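Thanks, everyone. Have a look first.

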Amino acid sequence: MKKITSFKVMDILEKAIEMDDVIHLEIGEPDFDTPEEIKEEGIRAIREEKIGYTHSFGMKKLREAVAEYYNSHYGTSIRYDNVVVTSGTSPALILGIEAILEYSGKKEILASNPGYACYPNFVSFLNGELITYELDLKNGFKQDIQAIKSKITDNTAAILINSPCNPTGVVMSPEDYRELAGLGVTIISDEIYQGLVYEGKRYDSILNYTENAIVLNGFSKLFAMTGWRLGYVIVPDKYLDLTQKLAQNLFISPNTISQYAAIEALTNSNVEKKIDAMAESYNTRRLFALDELQKQGLEIAAIPQGAYYIIIDVRKFTNDSLKFCYDLLMNARVAVTPGIDFGSNLEGCIRISYATSIENLKEGINRLGKYLNSLKNLPHFNEV
Ligand SMILES: Cc1ncc(COP(=O)(O)O)c(C=O)c1O
C-alpha cells in the first residue's frame, strides 16, 4: 500500500462508530433514500434476470440517457458514444486519469490544495505525479488561475478540477471556466456535485467552455445512490480506444442492475421532482447551519455555494486538526473531518457535512460551540 495514503478521518469515523450518542457531521453521504421509482427498476431488473455483464462501456440506452441529461441540464452537446459508464465516479477517475497519462506520455496532474482527499492517491497509484496549486483561505479558497498557470510545465498532462468542490463547497464561475479553458491544457473535471449548487447556475460543465476535457460524474450524490455504485466518464473520441481497453480489462462491465435503475433516475419526471426537493432541502440546511455557526461565534472559512460541506476555521484553537477532531469527539461527542485530510492548506480547519437533519445540525453545532467556549476558558488558552 505504499502508494496510497490512509485518511485520518477513518480513525475518527471508526472511533465514532463504536461510541454512543455521537452527532455525525463527518459523513459525505446523502441522508435521503434513493427515490422509489429508481429502486423499483433495480428490483425489476433482478426479478427479470437482467443480471449478466453488459457492454464494457455500459448499456446503450443508459449512455443515451446520460448524453440527453447532460445536454438538457448542463447545456452541452455531447454524443452518447463518448459516454463510458462505470461502477461509480471513483472508477471513472481511474479511467480518466490513466487515459490522459497514457495518451499524453506526460506525468503531471495539477490539482488544488485543498482538494478531494482521494485525488493524490489515484494519481500516485497510476504512476502520475500530483502537483498542487495553492488556494488561499484568505481568498475563500476561490479558484486561482494564476496559481494554476504558474505550475504548468512541458510535463503537465492535465488539470484536475472539482466544482462544486469537496471539501470547500466553492463553485467555479463561468469566468473561471473560461479562463481555465484558455490555458490550452486538458482538463479533467469532476462534476459529481453539479446540481447541488445553491447560488448561480445549478448545472454547468467544463464542456461548455472547451472540448479538450474529460468529465467525471455519477449517481451517488445528486440521486442519493452511493451504494448503487454507478458513475460515468465522458471522453473525447481520441481517448475512446484506450478507455475501452482499460474498462474491459479492469472492470469487464459496470453494475448491470444499477444501470437499469439509473436509466429511470435520468428519465422519470417524478424522480426529477424528488431530486429538486432534495437540493432545496440541502440549501435550507446550508442556510440553517451557516446561521447556527454564526450564532455560536464560529469562523466560517468560506461561504459554500454548492455540495454539502462547510469549512470551519479553528486555527485559534489548534494547528493539529486531527488531534482537535479526536478531542472533540471524545469530549463533546461530535464527529467532524480534520482539514488536513484535504491538504496542508486546510490544516487548522475542520469540515462538517450538512447532509443531515436540521435537528442533528442544531445539536452538533451547539456541542461544537460549547466545546470551543470551554477551551477558551482553560487557563492555558492563548490563541495559536
Ligand atoms: C469530489 C468527489 N469525487 C468523487 C467521489 C466518488 O464518488 P462515487 O461514490 O461515485 O465513487 C466523491 C465521493 O465522496 C467525491 O466527493
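Start with the lining of the largest cavity: β3 (108-113) and β5 (156-162) each supply at least two residues to it. β5 gives the most, with three residues. Strands here are DSSP E runs of at least two residues, helices are H or I runs of at least four, and both are numbered from the N terminus.

Some ground rules. This is a predicted model, where local features need pLDDT of at least 70 and side-chain atom pairs count only at pLDDT 80 or more, while totals for chains, interfaces and linings use all residues. Residues are numbered from 1 along each chain as its sequence is written, and side-chain values use heavy atoms, with hydrogens and water left out.

Back to that cavity. The search runs on a 1 Å grid over the protein atoms alone: a cavity is a set of points where a 1.4 Å probe fits but cannot get out, a pocket is an open set with protein on both sides within 12 Å along at least five of seven lines, and lining residues have an atom within 4 Å of a point. Points are joined across faces, edges and corners, and a volume is the space filled by probe spheres set on them. Three cavities of 30 Å³ or more turn up in the whole structure. Nonpolar means Ala, Val, Leu, Ile, Met, Phe, Trp, Tyr, Cys and Pro; charged means Asp, Glu, Lys and Arg; the others, Gly among them, count as polar.

Now the largest pocket. Its volume is about 650 Å³. The lining has 29 residues, and Gly28, Tyr116, Asn166, Lys221 and Tyr309 are closest to the centre. α1 (8-18) and α4 (89-104) each supply at least two. This lining has 14 nonpolar, eight polar and seven charged residues.

What takes up the space of the largest pocket? The ligand does. A molecule sits in a pocket if more than half of its atoms lie within 2 Å of the grid points.

On to the ligand itself. There are 13 residues around it, and Thr89, Ser90, Asp190, Ser220 and Lys221 come nearest. Near means a heavy atom within 4 Å. The shell splits into four nonpolar, six polar and three charged residues. The protein covers 91% of the 400 Å² of accessible area that the ligand has on its own, by Shrake-Rupley with a 1.4 Å probe.

Last, the backbone. Most residues other than glycine have a negative phi, and most peptide bonds are trans. Here are the exceptions to flag. Asn113 to Pro114 is cis, omega near 10°. Pro114 is in the loop between β3 and α5 (119-125). Ser163 to Pro164 is also cis, with omega about -5°. Pro164 sits in the loop between β5 and α7 (174-181). Ala224 has a positive phi, near 55°. Look for Ala224 in the loop between β7 (213-218) and β8 (231-234).
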